[in-house]
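Visitor: I have a structure to read feature by feature. Please take me through it, with the general idea before each case.

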Amino acid sequence: MELSTLTIHELQRMLREGETTSVAITESVFKRIEAVEDKVHSYITLTEDLAFQQAEQADRNMQSGRGGPLTGIPIALKDIVCTEGTRTTCGSHILENFIPPYDSTVVRKFREAGAVFPGKTNMDEFAMGSSTETSYFGITRNPWDLSKIPGGSSGGSASAVAADECIAAIGSDTGGSIRQPAALCGVVGMKPTYGRVSRYGLIAFASSLDQIGPFSKDVEDCAIMMNAIAGYDPKDSTSVPAEVPDYTRFLSKGIEDWTVGVPKEYFIEGIDPEVLDAVKRAMQVVEDAGAKIIEISLPHSEYCVAVYYVIAPSEASSNLARYDGVRYGFRSREGRDLMEMYKMSRSAGFGDEVKRRIMIGTHSLSSGYYDAYYKKASQVRALLRRDFDEAFRQCDAIIAPVTPTPAFGIGEKMDDPLQMYLCDIFTISCNLAGIPGISVPCGYTKSGLPVGVQFLTGHFEEGKLLQIAAAYERHAEIERRRPEI
Amino acid sequence: MDYEAVIGLEIHIQLNSDTKMFCNCPNRPGDEPNKNTCPVCLWFPGAIPQFSGEVLEKAALAALALNCEIQDHTAFDQKVYYYPDLPKGYQLSQFHKPLAKNGWIEINDDEGRPKRIGIRQVHMEEDVARLVHETEGKTPISLVDFNRAGTPLIEIVSEPDIRNSHEAMEYIKVLRSQIRYVGSAECSMEQGTMRVDANISIRPRGSDHFNTKVEVKNMNSIHNVGAAITYEISRQAERLNAGESIVLHTRLWDPDRNVTVAMRGKFEGPCVPDPSVPPIIVSHEWLSDIRSRLPEMPSGKSERFIRQYGLTRDEAVLMSSERDLSEYFEAVAGDAVTPRTAYQWIMTQLNPLLKDYRQTISETVVTPKRLASLLAMLESDVLNAKSAREVLSKLFESDQTPEAIVEQYGFRQVSDSDELEGLVEQVLSDNPQAIDDFKAGNEKALGFLIGQGMRASQGKANPKLMKDMITRKLQE
């Protein structure tokens, strides 16, 4: 058994009992990277030297009894979280050579937990995309079918976990950027409640929607990762000083007597029949596990994509205003005055999708349009949030599809932004409402592509979310396949 | 035509908090360039602002000093524009939900009558970086100093209640005094911690219509604000009289030529709610705590000074105009020193020396306790005024007590008639001519003899006793 294929909890047991070492695990991961990275391209930057230093330190710590649940575990980081001393590009030309002088809070927590960093994973530029095709550093391929996209924007983190190029990974989710690639790559991916995990050091796309979360090979690992990253951070005033329970305690609890809601608005025309079948089977599993399934309504769901594509680009247009070539990052040498320097640096530094969204956002915010777009969208957002509040009065959790289709072909939607935006139709509302959501593998299509099912719970109910995800995973007994690359 | 001006002032004041507004960097813009910076105030990717509670308190105190209503729910907006002094492409300011509204302060108009000037709102915003352009040499370069970036400002927007230069200058002075009182800011136009922009329009007297306004910037003293307003009013009147119309634009005051000149229009971007700083919800408890920290304000204090110390209105207003000064005054005026003596010595003796020694009233080595001891000796005839002035000078140079200085230098006044007896005899026998003059009815001769007596005592004789003794001898 290759160590790189194992889970955090399996490796932790082996490390504790002296059956293996972090150096051996790290060697196994880099051997795998060497074998498949050319085909998959999960990483923008590999940090092999750093990883082995960390692994050696982790082994020393384990020997002296100072190990924790993540000590010695290779965790890949989406290239959107700042890492002191390691370049952080956000998938963009404009940050190609940006080496942050500081660590993001999640990275600091992982360092303190003794984790090992194999590298920074590929992503859509500034997390804008659903296929990892807008990265300045080239595309990532789906390990299950190299002609397909891995999803996005955290496609590199999802593919790295699926292809065993790391043990677990970190991503960020603004409108589905963790859950959608997790579903398309057949791994577990969770977006926590807005405010549950510090965003300090996460390069902002849309500050009121962004949230950091884990990718893992199973639900138990997801809980272990959440234990490491959740919690209030004074450096992020939107993080919430709510108590963080031990999430692993929820895993074995079961869901007998739970009520699980199925939003009728999510079962629309256009869902791929194989995806629909897989999700319906998942509903059956949940029922078999002792829960009652009821139909619920989220009446404003039809507006979520429209609302999202006003709010997210609006916030992005001001968050990305700082990339002006003055202090760091790419600066065009050709401008003859300040205004030209700005224009040429930004024109050459940003890709098409980023520029498209900056323009949408700037337009939505411009005087004369602000009330019609941004303000109206904020009002509808409040209604969407209320939909969920109403729903969670009737049920403990919601079950829904993650994506309308399995992984699609590379290049298939690049010329049709609207089709690309609709990939996130089932994931966006969770960000707009700020609630947590998780994607868990629920089967395969006939052609062997993974499909995911999504669970949602109320604000700060990550414990319940992991409880139903673990119960589902246990009862579903989905065959554990490995992608052949 | 007889015109009346309609003037509103927008005043930016730099708060004197310890830290910047959204990070823990020191609020010291004058330090070595770019020393006080961090990922947040340089707005590196991933940085998140952390709004300072201290800044909120200072801003709220200032707003309360201007009789404003603190709003329950306030929030930051992003004011978008591109310039190298703004590291993130937008300035965090308050537009939709300002900190405070509906305030006022009272001034005296040009005929001395009290007049209220309304304050529309007080809001918080961050300052920008400082640009330095080095144009000498082969390649001109522009440098950015981010020490000032992210330091806290409040902007105070008046209602258009001001009618002339006098009122504008009075408004600034009263506002400055109020804000210094609560300790939120230094408010120095000369040092740039207070910046005043004026919106000026004119209309036929008697009209209640608001005409197109012109914004005037770049006045770096209260005097210049007055001069710029006077100039701008007559400039606009000339234009209107010539049949031209006034267009909305910004002008800069040129202090060398004493004129305002049109400035190129700048791009004004959108102003949208900021999602990274959570809205500020002000609780009743918090507000009453801040309110309880408000000191006695100048107008109440000057009334009390009139009642309690018997100062005239002008004296009381002067003594209460600055909090440090008023506290100094109260610490000196007490059982042993009459308020009038305290007032006069602070104004006529201490103040000039403070200027000479470049000390402030709050930090001077001549503490209220030391001055009070000195003045107590003066009032109990231990020393005379001339000696007291000399002791005061020495207090700036030495850390001895006034009593010790009096002893060391022998300033003690001679009030013992036995001691003065011989001296008086000597003076009279040395100046027979003056005695004759006095007896012939020349009153001035008395003064001359007293002067001679004082000189013979090396200035230490009690002048009153000296006068009495000489007068008595002359009448014998």
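Visitor: Which residues does B:Asn384 touch, not counting residues up to four places away in sequence?

Guide: Some ground rules come before the case. This is a predicted model, where local features need pLDDT of at least 70, side-chain atom pairs count only at pLDDT 80 or more, and totals for chains, interfaces and linings use all residues. Residues are numbered from 1 along each chain as its sequence is written, chains are lettered from A and ligands numbered from 1 in the order in which they are written, and side-chain values use heavy atoms, with hydrogens and water left out. Contact means heavy atoms within 4.5 Å. On that basis B:Asn384 touches B:Leu378, B:Gln413, B:Met454, B:Gly459, B:Lys460, B:Ala461 and B:Pro463.

Visitor: Where is B:Asn384 found in chain B?

Guide: Elements are DSSP runs numbered from the N terminus: helices are H or I with at least four residues, strands are E with at least two. B:Asn384 sits in the loop between α9 (368-379) and α10 (385-397) of chain B.

Visitor: Does B:Asn384 count as buried or exposed?

Guide: Buried means under 20% relative accessible area, exposed over 50%, and partly exposed in between, using a 1.4 Å probe and protein chains only. B:Asn384 has 5% relative accessibility, so it counts as buried. Compare another loop residue of chain B: B:Gly334, between α7 and α8. B:Gly334 counts as partly exposed because its relative accessibility is 40%.

Visitor: How is chain B divided into domains?

Guide: Domain bounds come from an automatic or database domain assignment. Chain B has domain 1 (3-286), domain 2 (298-409) and domain 3 (417-475). The C-alpha centres of domain 1 and domain 3 of chain B lie 65 Å apart.

Visitor: Why does the second largest pocket lie between two of these domains?

Guide: Start with the method. On a 1 Å grid over the protein atoms alone, a cavity is a set of points where a 1.4 Å probe fits but cannot get out; a pocket is an open set with protein on both sides within 12 Å along at least five of seven lines; lining residues have an atom within 4 Å of a point. Grid points are joined across faces, edges and corners, and a volume is the space filled by probe spheres set on the points. Now the case: domain 1 and domain 2 of chain B both give residues to the lining of the second largest pocket, so it lies between them. Its volume is about 1800 Å³.

Visitor: Which residues lie nearest the centre of the second largest pocket?

Guide: They are B:Lys173, B:Ser177, B:Ser320, B:Ser321 and B:Glu322, out of 45 lining residues. α2(B) gives the most to this lining, with eight residues. Other elements of chain B that each supply at least two include β6 (100-108), α5 (298-309) and α8 (339-357). For the residue classes, Ala, Val, Leu, Ile, Met, Phe, Trp, Tyr, Cys and Pro count as nonpolar, Asp, Glu, Lys and Arg as charged, and the others, Gly among them, as polar. The lining of the second largest pocket has 14 nonpolar, 16 polar and 15 charged residues.

Visitor: How many cavities of 30 Å³ or more does the structure hold?

Guide: Four. The largest cavity has a volume of about 90 Å³. Its lining has 13 residues, with A:Ala204, A:Ser207, B:Ala47, B:Ile48 and B:Ser276 closest to the centre. That lining divides into seven nonpolar, four polar and two charged residues.

Visitor: Which residues have the most contacts inside the largest nonpolar core?

Guide: In soluble globular proteins, nonpolar side chains tend to be buried together. A nonpolar core is a set of buried Ala, Val, Leu, Ile, Met, Phe, Trp, Tyr and Cys residues joined through side-chain atoms within 4.5 Å. Here the largest has 229 residues, and A:Phe126, A:Phe455 and B:Tyr171 have the most contacts inside it. A second, separate core of 36 residues includes B:Leu350 and B:Val406.

Visitor: Which peptide bond is cis?

Guide: Most residues other than glycine have a negative phi, and most peptide bonds are trans. The bond from A:Gly152 to A:Ser153 is cis, with omega near 10°. A:His41 is not a glycine, yet has a positive phi of about 60°.
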